[in-house]
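This briefing is for a reader who is new to the structure shown below.

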Amino acid sequence: MTESKNNIILSVKDLQVEFKVRSRVLKAIRHISMDFEEGKVVAIVGESGSGKSVFTKTFTGMLDANGAVTGGEIWFEGKDIAKYKTDEEWEQIRGKKIATVFQDPMTSLNPVRTIGDQISEVIIKHQGKSKDEAKKEAIELMGKVGIKEPERRFDEYPFMYSGGMRQRIVIAIALACHPKILICDEPTTALDVTIQAQIIRLIKDLSNEYGFTTIYITHDLGVVANVADVVAVMYAGQIIEYGSVNEIFYDPRHPYTWGLLSSLPQLGEKGKELFAIRGTPPSLFEEVKGDAFAPRSNYAMKIDYEEEPPFFKVSDTHYAKTWLLDPRAPKVEAPEEIRNLHKRMQDLTGKGGVFGER
């Protein structure tokens, strides 16, 4: 499943990733094809273990030692980087052209070096600037990401910053490389809701200003409702639905996407239990036959247990991997909880967007 666009910055074709765990093989990524359009914010959503982080780690050569790309291609700047094997090759990409912001900023920051020194080091290494030039740009970046009085805070240490401020610094370090693609891997999970919203908005604003492509990884559809341009839904190592943010929220077609949307805390009603998708994802140590979501779906048909569905085209920008879209399938509607999602969210927020104005 790909887009027919000319301004594609990264193109993944039939990607497969496997991990060797003792004497067994886990097929973590199963034949994913996807194009990333320049300047867009792409959200990749799905439960923990669906393969979101593994998928994007292949873009920077950061798979664990027991993991490997076993098939497919990843095209970036005219080169198939899926074939890269050495650190020397990846150093031309990692950080410099494709940067990553991780969930826990303390794993990215050195606790015994000052904030300013850590940002400056990246600028000197990747841009070749002098120490004074790097300090000036570092202070500017600190201001860009919302650090007040950056000149004074330049010489402070990570422990002197709050969690939200440390995450802003990690974003500043990523931007110091002037990347073409910024991968944000669950960057707000450890933060409270107010700070979470600030970081999400910051990433969106910086993407608009600098023009880089953003790949946003999360298990929570609600987190990216206001910032994503397109959404890819992952399940059991595959992308099972892809579309614009409005298409995924207001016209979802895969039963798994229906389940994720029904689970949104914002739809909860006082005195009622929140919706939860029953069962657990399949083991990827075993061969998956048919539709991987079938055992958990209330809409599964006989064919779902026998044959893997292809992608069906809903619109020029919307595709879903479900037999329910086959012309021969019985006609079913999305669950009542999400059928009028747009109106329900308007009632909750009093505004026109998914969770307010986009």
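The lining of the largest cavity is made up of eight nonpolar, three polar and two charged residues. The model is predicted.

**Cavities**

- The count of cavities of 30 Å³ or more comes to three.
- The largest cavity holds about 70 Å³ of space.
- Its lining consists of 13 residues, and those nearest the centre of the largest cavity are Pro255, Asp291, Ser297, Asp304 and Thr322.

**Largest pocket**

- The volume of the largest pocket is about 680 Å³.
- This pocket is lined by 23 residues, with Gly95, Val122, His126, Ile173 and Cys177 closest to its centre.
- By class, nine residues of the lining of the largest pocket are nonpolar, eight are polar and six are charged.

**Second largest pocket**

- The second largest pocket contains about 330 Å³ of space.
- Of its 14 lining residues, Ala197, Ile200, Gly222, Val223 and Asn226 lie nearest the centre of the second largest pocket.
- Seven nonpolar, five polar and two charged residues make up the lining of the second largest pocket.

**Nonpolar cores**

- In soluble globular proteins, nonpolar side chains tend to be buried together.
- The largest nonpolar core has 70 residues, and the members that touch the most others are Ile119, Ile169, Ile171, Leu221 and Val231.
- Helix α6, which spans residues 163-175, gives the most to this core: seven residues.
- Leaving aside residues up to four places away in sequence, Ile169 is in contact with Leu109, Ile115, Ile119, Met142, Ile147 and Tyr161.
- There is also a second, separate core of 34 residues, with Phe36, Ile44, Phe55 and Ile93 among them.

**Aromatic pairs**

- The structure has 11 aromatic pairs.
- In one of them, the ring centres of Phe36 and Phe55 are 6.4 Å apart and the planes stand at 35°, so this pair is tilted.
- Phe36 belongs to strand β2 (residues 24-37) and Phe55 to helix α1 (residues 52-57), so the pair ties together parts that are 19 residues apart in sequence.
- Phe36 has a relative accessibility of 0% and therefore counts as buried.
- Phe55 is likewise buried, because its relative accessibility is 0%.
- Phe36 also pairs with Phe59 in an edge-to-face arrangement, at 5.7 Å centre to centre and with 75° between the planes.
- That pair links distant parts of the chain, since Phe36 is in strand β2 and Phe59 is in the loop between α1 and β4 (67-76), 23 residues apart.
- Phe59 has 0% relative accessibility, so Phe59 too is buried.
- Through these ring pairs, Phe36, Phe55 and Phe59 are linked into a cluster.

**Thr214**

- Thr214 sits in strand β8, which covers residues 213-218.
- With a relative accessible area of 0%, Thr214 is buried.
- Which residues does Thr214 touch, not counting residues up to four places away in sequence? They are Lys40, Val41, Val42, Leu182, Cys184, Ile203 and Ser207.

**Glu247**

- Glu247 is part of helix α8 (residues 245-250).
- Is Glu247 buried or exposed? Its relative accessibility is 16%, so Glu247 counts as buried, because the cut-off for buried is under 20% relative accessible area.
- Glu247 and His318 are 71 residues apart along the chain, and their C-alpha atoms are separated by 7.0 Å.
- His318 is also one of the residues that Glu247 touches, together with Pro252, Ser315 and Thr317, when residues up to four places away in sequence are not counted.

Notes: Residues are numbered from 1 along each chain as its sequence is written. This is a predicted model: local features need pLDDT of at least 70, side-chain atom pairs count only at pLDDT 80 or more; totals for chains, interfaces and linings use all residues. Side-chain values use heavy atoms; hydrogens and water are left out. A nonpolar core is a set of buried Ala, Val, Leu, Ile, Met, Phe, Trp, Tyr and Cys residues joined through side-chain atoms within 4.5 Å. Buried means under 20% relative accessible area, exposed over 50%, partly exposed in between (1.4 Å probe, protein chains only). Helices (H or I, at least four residues) and strands (E, at least two) are DSSP runs, numbered from the N terminus. Contact means heavy atoms within 4.5 Å. On a 1 Å grid over the protein atoms alone, a cavity is a set of points where a 1.4 Å probe fits but cannot get out, and a pocket is an open set with protein on both sides within 12 Å along at least five of seven lines; lining residues have an atom within 4 Å of a point. Grid points are joined across faces, edges and corners, and a volume is the space filled by probe spheres set on the points. Ala, Val, Leu, Ile, Met, Phe, Trp, Tyr, Cys and Pro count as nonpolar, Asp, Glu, Lys and Arg as charged, and the others, Gly among them, as polar. Rings of Phe, Tyr and Trp (its six-membered ring) pair if their centres lie within 6.5 Å; planes under 30 degrees apart count as stacked, over 60 as edge-to-face and the rest as tilted.
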